[in-house]
Amino acid sequence: MSPSVSAPVVSVITPTYDEAENLPELVRRIHESLANVPLEIIVADDYSPDGTWAVAESLAADDETITVLRRFHDPGLSAAVLDGMSAARGSYLAVIDADLQHDPAALAPMLEMVRSGKADVAVGSRESEGGGYGEWSTHRRFASWVATAIAKVFLRVPTDDPMSGYFMLTRDAYESTAAQINPMGFKILLEFIGRNRDLRVGEVGYEFANRVHGRTKLNRSIIRSYMLAVAELRLGRQVDPVFLLYVMVGALGLVVNSTLFTLFEALGFPLINTGLNDALDPIYSSFVASVAVTTLLLFVVNNEFTFWEQRYTGWKMLPALVLFGLMTLVGTLVHVAVFSWLQETGFALDLLGADAARVLHNLIGATVALVVNWYLNTSFVWKRRLQRA
Ligand code: GDD
Ligand code: MN
């Protein structure tokens, strides 16, 4: 007997990309978990190359609880989940991965938790009692631990597993928060509990299973997306979060540069006399080498991390690197010019004394150079298109 379709109590939304082999088993186990509950299952597919949508449609032919959303635009996990949510009619909205790594058996206790009013959001948690990470490598385990710690410290989220993609929330919780959600956001759960502090959050432990079919779609830009999401949740949309990444990377460059310089000095890199220009000579080869290595490093990190969406690949990296080098040179000139000018005018000299004033002048110079470089780099090297607000 199939449950009534007209009035689903629970809407189970599952985002899919290349999950054709996993879908039939997923559907079977969702029905098994919520056997006596009127439910609908919404498959939000991004036009998967493996034809997941076709499998879903053939399942739907025999199972009227299944709805298939074939998405052609605006691809992405969060966007798919949000589409599924807006199509959902249930009083409780659940999100579950289609790859069976989220055990559908946990749906029943999650429903019990939100239905009884104990929580507005029930999080499927690997951190709670009965939960676990399965066979995760120490490396992945560590990455997850760091991400969780960041969310707890910076966002003060009231759950031990804010990275979970598995949860159920009440319609009220959904409707009162959905308008504020960033659809480009990284973690849809983090968006809900990060935007709406009034939501009461509960946890249901489950053991994260290994993938049997298909493979993960998480790529290496995931750490970056995560940092952007945390920055945006914390600071709102006034500050461009990519600028914050840029500042972080710049600070890293500063540390690397002074470390390398000290190292090269200690190694006894020679002074070089070109004999060309008195003002130029002697050249500290340790200085030149440390700047060169740092510039190269900054280019790579900015290309692969800060400006991921605009990154250069293959031979195109070469002219971009040259351009970046030029911009860095301009930035350095600005830095030196501002510093010298402040030294000459003796800004805050009486107040701070010569030593502290020099540090301040240097800091102001570096800050001005940083902002100038940001505009140069985003205008000429990694040209950014206007993003929607
Ligand atoms: N529609 C759509 N569009 N679905 C997608 C997309 C997309 O662009 N990318 C991934 N999915 C679907 C997958 O088909 C799967 O059902 C689910 O989203 C999760 O994707 P996976 O690729 O399996 O992610 P994961 O297993 O590596 O990551 C899981 O663990 C993370 C670490 O804790 C997810 O549960 C994450 O939510 C979780 O944070
Ligand atoms: Mn997965």
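Reader: What is the hand of the crossing where H11 passes H13?

Author: Start with the rule. A crossing is left-handed if the near helix is turned anticlockwise from the far one by less than a right angle, and right-handed if clockwise. Here H11 passes H13 in a right-handed crossing. Helices (H or I, at least four residues) and strands (E, at least two) are DSSP runs, numbered from the N terminus. This is a predicted model: local features need pLDDT of at least 70, side-chain atom pairs count only at pLDDT 80 or more, and totals for chains, interfaces and linings use all residues. Residues are numbered from 1 along each chain as its sequence is written, with chains lettered from A and ligands numbered from 1 in the order in which they are written.

Reader: At what angle do the axes of H11 and H13 cross?

Author: Axes are lines fitted to C-alpha atoms, for helices over the stretch in contact, and angles run from 0 to 180 degrees between N-to-C directions. Helix H11 covers residues 317–345 and helix H13 covers 354–381. Their axes cross at roughly 150 degrees and come within 8 Å. That makes H11 roughly antiparallel to H13. The cut-offs: under 35 degrees is roughly parallel, over 145 roughly antiparallel, 65 to 115 roughly perpendicular, and the rest oblique.

Reader: Which classes of residue make up the contact of H11 with H13?

Author: Ala, Val, Leu, Ile, Met, Phe, Trp, Tyr, Cys and Pro count as nonpolar, Asp, Glu, Lys and Arg as charged, and the others, Gly among them, as polar. The contact of H11 with H13 has 17 nonpolar, 10 polar and no charged residues.

Reader: How do H10 and H11 pack?

Author: Helix H10 (residues 285–306) meets H11 at an angle of about 120 degrees, and their axes are 10 Å apart. That makes H10 oblique to H11. Two residues are in contact if their C-beta atoms, placed from the backbone, lie within 7 Å. H10 gives Thr295, Phe299 and Asn303 to the contact, and H11 gives Met317, Leu321, Phe324, Gly325 and Thr328. By class, that is four nonpolar, four polar and no charged residues. As a general idea, an α-helix has 3.6 residues a turn, so residues three or four places apart point the same way.

Reader: Is H3 enclosed or open, and why?

Author: Count C-beta atoms, placed from the backbone, within 10 Å of a residue's own: 20 or more others is buried, 12 or fewer exposed, and in between partly exposed. Eight of the 11 residues of H3 are buried, so H3 is largely enclosed by the rest of the structure. Among them are Leu77, Ala80, Asp83 and Met85. Their cover includes S1, S2, strand S3 (66–70) and helix H6 (171–177).

Reader: Which residues come nearest to ligand 1?

Author: A residue is near a molecule if its C-beta atom, placed from the backbone, lies within 6 Å of it. Of the 21 residues around ligand 1, Pro15, Ala80, Ala98, Gly165 and Thr216 come nearest. Strand S1 (10–16), strand S2 (39–45) and helix H3 (77–87) are the elements that give two or more residues to the shell. The shell divides into nine nonpolar, six polar and six charged residues.

Reader: Where is Tyr47?

Author: Tyr47 is in the loop between S2 and helix H2 (52–62). Its phi is positive, about 50 degrees, although Tyr47 is not a glycine. Tyr47 is partly exposed, with 13 other C-beta atoms within 10 Å.
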